[in-house]
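I opened my notebook to look at one helix and its neighbours. Here is what I looked up, step by step.

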Amino acid sequence: MMEKFEDLVSNIQEETPATLAIWRISNKNIIDILKEFVADKHDDDDRTYGKFILQTQGLFDRLNPLLAQQERTNDYFSSTLSNMDYPRTDEFSVIFGGKYAIKPHSIPESLVSRLVRDNPRIYTVSRSKPPDDAPPNLTHIQSNVLADDDLGKGEFLKILNMARDEWQKSFWKTTKLVVYFTLGFFRGEITCEKNLTTADNFQEALVESFANLENNSWRVVVTGTDATRPSTFMNDTLDWKMDDTSNSTNELIVPSYKISDRNFVYAMSKLGQYYMVASAVIQLTDKASRTRRRVDLIIRKIEKYVAISQAGGSSFEHLARHSCGPRISLRRSQRGESAVMKRLGNILGFSLFKDTSSLANQSVAMMAKLNAISKNFDDIEKALKNHLLIANCISICYTPLHGIPWTQEAVKSTTNDPRLSIVSQITWRLRNAISIERAISLHFPLPKGPQEELSELDLSSRWSTRC
């Protein structure tokens, strides 16, 4: 078994061009904990999900601090990691999708853990029950309906109003009201529709709740993903000085997650979240209606495409086949639980392409459209930078989001050792993985003074017309 582990390490060392992974494994402690995990074999327990998931999470808990420690030594990461040390005493926080945990494992849990250290007041909202050991400055609200088409907006509104009222009564003079939207669905039958429904519920409630607040008194932060980068996005590079005795550096490739045919619909649904929250911010900050009309038009297109694709299991090929041709007919939906399908109805009368060249052309056109939607959002975010922050540059973190499916796959495998399977997943993703600490730091703006926002003319004139 250890020979196979050494093969994994050798593959990284021999990779051409060299990637971030070789920098990661230059840390002997990282190699040691991976090796120990592989060697600590327990045949029966390793085939039992309930026991083995604890082993996987334990490995993640040891690995993440080592990744963060390493990141603090390189300028590529360290500029944002300094945000973790900056006091957040001037912030009243509301975290949708987060909860307090003594030992945080996920990005939202870790975000709460960081904020609770010095924030005067925090509200957390998730499906979990309120913790018995919550700090005195934290209130947790259990909610299971934020993604519900009928009940979600009302639930968001109730919580936002509760937090707003307390902030206005006791904290408005010394803090800014900051709302973190960390809700994102990645797996499941109607995951992408739930992403849009949840964001739609949130943005409607936000507009109603914050309508009378002063513009400089609040901010919204959305947990992002590199999966929304354009398909043409270039890989990053990191300069690495291999040892202190040499002045030369090595340029390492950091492969970028981005839009592809494999994640196309998921990326589209996350971009839909960005645009929906931006639409609310535009309304609240009195931006010109022309910008909002363009944003809302893109939202409607995303809703339509997600609805079409979900009918084919979120397949990019299904979307490419069914998204153009003769006019699409709509009828009233019979799927009462789906927000997007309620709005658009089931898609009927699809026009299938008869030849592969037409399908190929449509695939290229669809990719170009989503690339344009992604690129255009950069200008929107810049224009709204005092009120909206997307936590960008989040590639992959070693959290339960990945640990759970990896463990499920590992214990079911009849050909691979479960421990080697987990380590294989980890080492493959060292090429662009980041620590949870790095992911949290990206949710905080750099401690600089306010900057001028782009004018309406600047925003509209720089937009691509392809979307």
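I started with the secondary structure and found 18 helices and 10 strands in the chain; these are DSSP runs, helices being H or I of at least four residues and strands E of at least two, numbered from the N terminus. I kept in mind that this is a predicted model, where local features need pLDDT of at least 70, side-chain atom pairs count only at pLDDT 80 or more, and totals for chains, interfaces and linings use all residues. Residues are numbered from 1 along each chain as its sequence is written, and side-chain values use heavy atoms, with hydrogens and water left out.

Next came burial: 53% of the 467 residues count as buried (under 20% relative accessible area, 1.4 Å probe, protein chains only).

Then I turned to helix α15, residues 400-412.

Which residues of α15 are buried? I noted H402, G403, P405, W406, T407, A410 and V411. They pack against α4 (43-46), α5 (49-71) and α16 (418-429).

The axes of α15 and α16 come within 8 Å and cross at roughly 140 degrees (lines fitted to C-alpha atoms over the stretch in contact, angles from 0 to 180 degrees between N-to-C directions). On the α15 side the contact (heavy atoms within 4.5 Å) uses W406, T407, E409 and A410; on the α16 side I listed P418, S421, I422, Q425, I426 and R429.

Conventions:
Buried < 20%, exposed > 50% of the residue type's maximum accessible area, 1.4 Å probe, protein only. Expected span 1.5 Å × (residues − 1).
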